Amino acid sequence: MSGSSSWTSFVKSLASYNGDLASLTAPPFILAPTSLAEYSQYWAEYTELLVAPTQIKTVGEDKEPVELQRMLAVIRWYLATLKSQYTSRASTLGSEKKPLNPFLGELFVGKWVDESDDGHIGETDLAIEQVSHHPPITAYGIENKKNNIVLQGYNRIKASMSATGSLNVRQFGHSILEFKDLNEQYLVTLPHLHLEGLLVAAPFIELEQKSYIQSSAGYYATIEFTGRGYFYGKKNSFKAKVYKSYEDSLKKGKELYTITGQWSGASNIAKGSSSPTSSDPLFVDISKQKAQTLQVKPIEKQHELESRRAWAKVAEGIKTGDMNVIHAEKSKIENAQRELRLKEKEAGTTWQNRWYEQVDYSKLPEDHDAFVKLAKLANLSIKNVPSSTLKGDSKEDGVTDETHWRFNRAKFDKETEVLI
Ligand code: HCR
């Protein structure tokens, strides 16, 4: 650790942090050489698990309906995304780090090639765009043409320091997973989290509260997170309950399945409402699943808006711990952005988003897309409130905004400058 006084003043500055990374000046050892825009790739690193639900087409030996089997497969994939999203930096960089603050219009694209023996996975393409800078919002679209899967969503965070010295992070946004050939959609909400270990300069993430998964076939799952010791005696614990419908979740003993374990490791499954023990069937061991590396074009072939090209010199400074380079190169990007905004102001124009647009659901019929239908089935708020907020919750009070970011595939398909 380089200088405990710089760490102490950084931790103090977290007290006024609201979710906008621009307001945080962190010591170099805690910086990640990666833009926050890249983090949405974590939704699809486990391509095998992403496509697995689409391979389930027949009633199994246990006579479970295909839609229920697929819901379980979606939960397996979701657990894998959590391992990627929330443990990647700790496992590759030693602890959680402060990512680079994406600029408006920043892009991150790539593909996961099919590494299966029989070619059943196909290529999975990724298109991420920083659609807003104040507040920072990242939107993503992921497509697997072979299995006709589209996953899209967006993310924004709000943060605040707790009295106990941990950083609480509320996520806004959600994911929508579509299996187009099956005409099946899933709404996935995002968990809240907090960063612990700040006082000892070794931050790590704990997830908290609940995520929900609602399938268009009706099946509904709650995934409840706790830290070490509550359900399971281990870190990254969760308990998932699967129901035939949201309504069933309100009644006692209606669980079809209960799953407990670690979202970053092994979990077990049992029928009904009793928590499984380790002698019950293994649901999945995420630590034994293979995350695939995204293929990204070499920097010289990237567009100037692409993350790794834009941030190359800053990332180099972070890797070599050279604060002068970091500062100078970051300032160049920030100043260029300021100039661009000034020019837009003078010209009376605004930045045009590339592949994403805001959809105002208050002005649209309910069947416009899957989102409202699924949110309604799961009794979830469609307002612009923290993800996983239920309808009628006090967090909805005074909020009228029902706009959400959506992937415009047609625009992406017409893209000629930024190629995957
Ligand atoms: C909280 C966080 C920025 C936001 C990151 C999000 C929520 C972004 C969307 C991804 O889909 C999931 C995700 C994963 C990250 O775990 C989360 C980040 C963890 C740390 C970072 C803080 C802003 C960093 C603060 C500085 C620390 C090191 C004290």
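Predicted model: local features only at pLDDT ≥ 70, side-chain atom pairs only at ≥ 80, totals over all residues.
Residues are numbered from 1 along each chain as its sequence is written. Local features need pLDDT of at least 70, side-chain atom pairs count only at pLDDT 80 or more, totals for chains, interfaces and linings use all residues, and side-chain values use heavy atoms, with hydrogens and water left out.

A pair of aromatic rings is described by the distance of the centres and the angle of the planes. Rings of Phe, Tyr and Trp (its six-membered ring) pair if their centres lie within 6.5 Å; planes under 30 degrees apart count as stacked, over 60 as edge-to-face and the rest as tilted. The count comes to 15 aromatic pairs. Phe103 and Trp311 form one of them, with 6.2 Å centre to centre and 40° between the planes, a tilted pair. This pair links distant parts of the chain, 208 residues apart. Phe103 lies in the loop between strand S2 (98-100) and strand S3 (107-112), and Trp311 in the loop between helix H5 (307-310) and helix H6 (312-320). Helices (H or I, at least four residues) and strands (E, at least two) are DSSP runs, numbered from the N terminus. Both Phe103 and Trp311 are buried. Buried means under 20% relative accessible area, exposed over 50% and partly exposed in between (1.4 Å probe, protein chains only).

Trp355 and Phe412 have ring centres 5.1 Å apart and planes at 90°, so the pair is edge-to-face. The two residues are 57 residues apart. Trp355 is in the loop between helix H7 (323-347) and strand S16 (356-360), whereas Phe412 belongs to helix H9 (residues 409-413). Trp355 counts as buried at 0% relative accessibility. Phe412 is also buried, at 13%. Elsewhere, Tyr212, Tyr220, Tyr243 and Tyr246 form one aromatic cluster.

Charges also sit over rings (NZ of Lys or CZ of Arg within 6 Å of the ring centre and within 35 degrees of the ring normal). Arg156 lies over the face of Phe172, 4.2 Å from the ring centre. The charged end of Arg406 is over the ring of Phe371, at 5.0 Å from its centre.

Helix H7 has 25 residues. At the start of H7, a side-chain oxygen of Asp322 comes to within 3.1 Å of the backbone nitrogen of Asn324. Just after H7, Gly348 has a positive phi of about 70°.

Note on methods:
Expected span 1.5 Å × (residues − 1). Polar contact = N/O pair within 3.5 Å; in protein donor to acceptor, adjacent residues only side chain to side chain.
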